[in-house]
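Please read the points below with the structure open beside you.

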Amino acid sequence: MNDNKFDDFVNNKLNEYAAPVPAGLWEKVAEGQLDQFIGSKLKDAEAPVPNGLWEKITDNQFDNFVSDKIEDHQAPVPGTLWDRITDGQFDNFVAGKLDSYEAPVPAGLWDRVTDGQFDAFVAGKLIDHEAPVPAGLWEKVRPEEDNRRVGFFWFRYPAAAALILAILSAAAWGGYMYFTRLKTNKPAETTQTTAPTNSNAGNNTPVTVTPKPTDNAAIVPPVANDAKTNALPGAEHPSNANAIPLNNSANISKEKTNRASSEPANNEKRIGAERSSSGENTVASPNTTGKGTGNKLLPPPPVNNNDFTSSSYDPFKNKTVAADKSTDQTSVKEPDVYLEPFQPSFTSISTIPFSLTKFGSFDKQLSTLNHTNQFRNVIICPSDKGGNRDWFVELYASPDIAMRSVTNGTASSLYMQKKDSSEAMQIGYSAGVRLVKPITDNILLKAGLNYSQVNQKYVYRTENEVKTTTVVSVRTIIRAPGDTVIVRDTSILQTVGFKNNTVSNRFRSFDIPVTIGYQFGDDDLKFGINAGVVLNISSWYQGVMLDTSLAVVPLNKSGNGVYKTNIGMGLYGSVSVVKRLSEGMHLFVEPYFRYNLSDMTTPQAGFKQKINIGGLAVGLRFNLNSKY
Amino acid sequence: MSLFFAACTKELSNDFNQYTNHPLNDTVWVKTVANTASVHELAQLLTPVLFSDSLEITRDTTLTYGDSLEISFTGGTLLTSTGAPATGKVKLEMFRLKKKGDYIKAFKPTAAGDTLMVSQGAFFVRLSKNGSELSLAPGATIRLRFADAEMQPNTGAYPFYGRENNPIPALGIDTAFTWRVFENISIKSYQKQVSNGTIKGYEVTSKYLHWISALNPLDSIRINSTKITTILPLNYTNKNTVVFAVLADRKTIVNLRADFVSRSFSAINFAAKSRIKLISISKIGDDLYLGSKDILDPGNGAIYSLTPEKKSLASVLQFLDGL
């Protein structure tokens, strides 16, 4: 009889038998001895689970049992296991497990998160992302080509371009003056206009707008921003949107409401997030709230509303009441998500929609649900550095060095030789005024009016010139023997000779310089480079010149038919150093070079002459927005 | 900052450079005027054109020019340069100094030394054959009869001949010229019946050719004479300027001599209470300068300043003809 036969026999016999354990026996058994015994006996055993057993066991019971048992257990991962698990599998597993998980944010965590961290995180994830361009987007971009063609217009019709530029400059100046006056003279009107408009919109919880005067003065943008606000895709703004500047609304976070008392006003950078009805800082993603409403950008809160609560401010109140109340993740639609530029120049064109579901990893990491479960939905807006509402005016003067180039056309060599020996360029000067509009903190657009005078020394010799000098001659004259007188006679002494005449020729002009520049540096000292065009308005002359018979003749204002009264367009390049003298005034030094594209001589002239100018402009830049 | 000033400075200048050899710049007086001095060029510019004619010299010939002039030659009295009698036709060149300005043009003032005289008439006569000048044989004479409607012959006139430099300057002013009275030759007055009446004149017999005149000395008024001195600007020197004094009421033309020491021009023996016109003629370079001043009652040792002006030759001649 082998062991198995004996065991089977005993088991059959003792199957229903229970025998008491002798007293003290269990104490004698060492801890783990029985477990090892049982474990070794049941290692390969399989037993069916009795019916209804699993139903009696709750998930938590089993999970807690297992997790308690294996809490500190560490087991090596079998080889190639990770290779067999795809990222999506793991992500889906984790996401499924953490689907409805909500965890409170540790105290002080938000304070430790810097502005750039989240941006860097998002940017890192989207760096290689490509999204299809929505239909019709390129058509909206197409006008740039037209603008490019317009740029050639300047080259083809400089005079017309000059006129247009002058008009634009005047319009810009007028616009600036208008808006500046509007801004500075009517800060209170914003408040007065806002409140009644809210009530007219039927808002049962009217926004309490308490603009801070200082903020208004600094932030209130031009009216045009309202139009941009209205252009946000899908955004439904309160009827008072027209009275509330976009900048303020976009910059104020709703969650700021809870922290407004402890955080400075610069929290405006954060995007407003949906607040739960309980008032917790639970942030609803666009997906969550987007049911039935689409993924619309959160509308801007009112200006400087430091008392934001869910009851006092509900931007979707009129349109998305049901959606706002729902917190279920039941969306079956895959709506587009818009990255919100949140900049004053924002338009619908610059918002590129894309679907989160099209990207597996993004679905895991950046789906609004997951994201909001793991992080507070704090989106740091791009800083507002791109916009600059300053206006400057520059007054400057410059000593100039004129570089002349002359080529012979039909003139004789003797003429050219005499002309060359007679003429010498000298120091000239320029002076002007420019209106400066910073497109950004670094990019400046300048246009103005420039007067320049090129001096030329013209030396020529004239023969048989008679010079008269008054002299007193003294003579001793004997009138008669013994009668001698001394006679002092005042007379004119004439001498004849040649004269080397030196005449200063003046080549004067009025021009419109239009430049764009890039500057960098700190507030105290900036460096910049500028380039642009110089459009001649008018040129006129004074002095002398050689005529075809080699005689020196006066040079009249219109250039004797030799020089043009409009020398056309030139190119302008410069570098600049700007030093701040006070809050509203800067000193700048700008070495520059002006290259004229066309000759200053007419086609009828026997020679071609062009003058290029290099100079050192020194001037003052005044900030027209400065209160100082 | 200096660059700005340099840019704004209006530079207008002329640098005058005097010619070194230009005559106008030559203000130097000389003790002796060279024959090349520009003043001699005045003689070439102002000397009148000679009247020319021809005659048969082998017989006695009288040439009559209108009612105012007759000139008579005795046949066989003209000699060639070799001393042989000239024969056949010879060329006559003649000029009559009739107006005051003519004396200036010919640079023949009416003075003999310091003696001022009143001219009754003066002539230049020259004979030549085949380009060779002829001379009168010793003892031979020519006779001149001249008259005009204004002339009132008087008995105080004397026949004069012109003493010229030897050799005679071919071009330029004969600075040594002076009038000499003919010894033992008297002047005659004559009258001639013409169609509209009678004209009166003088008949002068001369044993010399060239300059012949009838002059009245001003000895009678020398007692109250005075000296006139003229000064000019420094540009006018004795190298380029001549100065004359012309009496207003008499045909008396006086050349004021240049005085190197005082850089002035002067003459003596002018009668007080005279009306005098001072005239300066200068040639500087290619330009002529004319100065004039009327003097009324010159005082003792009067000094006058002239300021010449640039004039054309025609203007100068016109001015001289109007004296």
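**Note on the two-chain model**

1. Two antiparallel neighbours. Strand S12 (residues 158–163) of chain B and S16(B) run antiparallel and are joined by 4 bridges, where strands are DSSP runs of E with at least two residues, numbered from the N terminus, and two strands pair if DSSP finds at least two bridges between them. Within this arrangement, B:Phe160 stands opposite B:Ser213 in S16(B). Strand S8 (residues 115–129) of chain B also pairs with S16(B) in the antiparallel sense, over 8 bridges, and there B:Val118 has B:Asn216 as its bridge partner.

2. How the model should be read. This is a predicted model, in which local features need pLDDT of at least 70 and side-chain atom pairs count only at pLDDT 80 or more, while totals for chains, interfaces and linings use all residues. Residues are numbered from 1 along each chain as its sequence is written, and chains are lettered from A and ligands numbered from 1 in the order in which they are written.

3. Covering of S16(B). Strand S16 (residues 210–217) of chain B is mostly covered, since 7 of its 8 residues are buried; a residue is called buried if 20 or more other C-beta atoms lie within 10 Å of its own, exposed if 12 or fewer, and partly exposed in between, with C-beta atoms placed from the backbone.

4. The cores. In the largest nonpolar core, which has 75 residues, B:Phe244, B:Ala245 and B:Val254 touch the most other members; such a core is a set of buried Ala, Val, Leu, Ile, Met, Phe, Trp, Tyr and Cys residues joined through C-beta atoms within 7 Å. S8(B) gives the most to this core, with 7 residues. Apart from it lies another core of 13 residues, including A:Phe507 and A:Leu555.

5. An open sheet in chain B. The order S23-S17-S20-S19-S18-S21-S22-S24 (chain B) describes an open sheet of 8 strands with mixed pairing. Strand S23 (302–305) and strand S24 (309–311) of chain B stand at its edges, and because each has a single partner strand, one side of each is left without a neighbour in the sheet. From one strand to the next, the twist averages 30°. At one place in the sheet, strand S17 (residues 225–231) of chain B pairs with S23(B) in the parallel sense over 4 bridges, with B:Tyr304 as the bridge partner of B:Thr230.

6. A buried residue in chain A. Why is A:Val578 called buried? A:Val578 is buried because 21 other C-beta atoms lie within 10 Å. This residue is found in strand S11 (residues 569–580) of chain A, and its C-alpha atom is separated by 4.2 Å from that of A:Phe588, 10 residues apart along the chain. Leaving aside neighbours within four places in sequence, the residues in contact with A:Val578 include A:Gln519, A:His586 and A:Arg621, where contact is taken as C-beta atoms, placed from the backbone, within 7 Å.

7. Where the chains meet. The contact takes 33 residues from chain A and 30 residues from chain B. On the side of chain A that touches chain B, S8(A) gives the most, with 17 residues. The residues of that side divide into 13 nonpolar, 12 polar and 8 charged, where Ala, Val, Leu, Ile, Met, Phe, Trp, Tyr, Cys and Pro count as nonpolar, Asp, Glu, Lys and Arg as charged, and the others, Gly among them, as polar.

Conventions: Two residues are in contact if their C-beta atoms, placed from the backbone, lie within 7 Å. Axes are lines fitted to C-alpha atoms, for helices over the stretch in contact, and angles run from 0 to 180 degrees between N-to-C directions.
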